[in-house]
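Please keep the sequence and the structure in view while reading.

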Amino acid sequence: MVRDQQTLDQLVDMIRQFVEGVLIPHEEIVAETDEIPQDVIQQMRELGLFGLTIPEAYDGLGLTMEEEVYIAFELGRTSPAFRSFIGTNNGIGAAGLIIDGTEEQKQYFLPKLARGEIIGSFCLTEPDSGSDAASLKTTAVKDGDDYILNGTKRFITNAPHAGVFTVMARTNPDIKGSSGISAFIINSKTPGISLGKRDKKMGQKGAHTSDVIFENCRIPASALIGGVEGVGFKTAMKVLDKGRIHIAAISVGAATRMLDDSLQYAIERKQFGQPIANFQLIQGMLADSKAEIYAARCMVLDAARRRDEGQNVSTEASCAKMFATEMCGRVADRGVQIHGGAGYISEYAIERFYRDVRLFRLYEGTTQIQQVIIARNMIREATH
């Protein structure tokens, strides 16, 4: 739902100019150094990018899902590292608080997240629990007015920069499934928390992940999100529905950038005395990419609008995430093919994007997990 089209148009235009004037020119620096320059981060703070989706009552912009999607289409057109750095504050790092937090928790944490004073990070995945998130082993044992956490979280986005962690832990060891899991909001400087070394990844330089290790980490009971045990997994799934629509939108943006670059290359590159864009086999790859981007864009917007209407969008979010991320991978592959040998050389952005976008099909639930969710929802609806 777009609340004010004129205001949204101005915001989208501002972010488009920022992407083209600041972020794209810094892509190679980020790729070479594995760091986002501090002056760029400061500009992102000043533009309010850390609080895009945080409610206005807590110093954010309070974007609806549809409005967020339009912003993601723009942010997706540059290196994923930039979006990743602000993404957890707008998504999985803050969404649990926004959805299920107590008013006291919201008042304390959300304004800091919205202003970019602290970075939020979402700790769900573990060494032995990824797609099967309900099997997590991290424990939170009640001890008087406190909980004591023990366990290891893996591949945690922005962990090296986090000021606060949203942590999923098992509070009831007698319940093996998801019902025994609770969610906590924890200051990253709490004694008993340590980080593993930064992960070396295939792509997405500048976007940092690492293990987060909890060893007899004592936290107050007030850190329990919503003040209720056993609903943490439900909180996580609500967070992921939103995150999946967002990643689908980022995939559309990235695919749009790759297609733009590929089209420009095809127009400029000459073989056999003419631009390769004149060759029908090249045109076929360009046309397939254009059509698939259009289809994914329509899916993402539809899912976003349904969520804004208050509908259960578990199926639609998974459909959009599955289709858009797989589409993005195909566009990347065609982009390299259109560039020919040049597409394998790091001088061209397509080589970097080809590696960067591969992750979209893995995090926030793999393509195969989306297939399972979609099919299970279909079967449930057909048999009830």
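## Helices α3 and α5

The axes of α3 and α5 come within 12 Å of each other and cross at roughly 50°. Here axes are lines fitted to C-alpha atoms, for helices over the stretch in contact, and angles run from 0 to 180 degrees between N-to-C directions. Helices (H or I, at least four residues) are DSSP runs numbered from the N terminus. Angles under 35 degrees count as roughly parallel, over 145 as roughly antiparallel, 65 to 115 as roughly perpendicular and the rest as oblique; α3 and α5 are therefore oblique to each other.

The crossing of α3 past α5 is right-handed, where a crossing is left-handed if the near helix is turned anticlockwise from the far one by less than a right angle, and right-handed if clockwise. Val40, Ile41 and Met44 of α3 meet Phe82, Phe85 and Ile86 of α5, contact being heavy atoms within 4.5 Å. These contact residues comprise six nonpolar, no polar and no charged. In this scheme Ala, Val, Leu, Ile, Met, Phe, Trp, Tyr, Cys and Pro count as nonpolar, Asp, Glu, Lys and Arg as charged, and the others, Gly among them, as polar.

## Basis of the model

The model is predicted: local features need pLDDT of at least 70, side-chain atom pairs count only at pLDDT 80 or more, and totals for chains, interfaces and linings use all residues. Residues are numbered from 1 along each chain as its sequence is written, and side-chain values use heavy atoms, with hydrogens and water left out.

## Helices α1 and α3

Helix α1 (residues 5-23) and helix α3 (residues 38-46) have axes that come within 12 Å and cross at roughly 170°. This angle makes α1 roughly antiparallel to α3. From α1, the contact residues are Phe18, Val22 and Leu23, and from α3 they are Val40, Gln43 and Met44. By class, this contact of α1 with α3 has five nonpolar, one polar and no charged residues.

## Helices α8 and α9

The axes of α8 and helix α9 (residues 280-308) lie 9 Å apart, and the two helices pack at an angle of about 155°. That angle makes α8 roughly antiparallel to α9. The crossing of this pair, α8 and α9, is left-handed.

On the α8 side the contact includes Lys242, Ile245, Val252 and Leu263, and on the α9 side it includes Ile282, Leu286, Lys290 and Arg307. The contact of α8 with α9 consists of 15 nonpolar, three polar and four charged residues.

## Cavities

Rolling a probe the size of a water molecule over the atoms shows where empty space is left. On a 1 Å grid over the protein atoms alone, a cavity is a set of points where a 1.4 Å probe fits but cannot get out, and a pocket is an open set with protein on both sides within 12 Å along at least five of seven lines; lining residues have an atom within 4 Å of a point. Grid points are joined across faces, edges and corners, and a volume is the space filled by probe spheres set on the points. By this rule there are two cavities of 30 Å³ or more.

The volume of the largest cavity is about 80 Å³. Its lining includes Leu52, Glu68, Arg83 and His246, and α4 (65-75) and α5 (80-90) are the elements that give two or more residues to it. The second largest cavity holds about 30 Å³ of space. Among the residues lining this second largest cavity are Met258, Ser289 and Arg334. The largest share of that lining, four residues, comes from α10.

## The second largest pocket

The second largest pocket has a volume of about 370 Å³. Of its 21 lining residues, Val252, Thr256, Lys290, Ile293 and Arg297 are the closest to its centre. The elements giving two or more residues to the lining of this pocket are α1, α4, α8 and α9. The lining of the second largest pocket has 11 nonpolar, three polar and seven charged residues.
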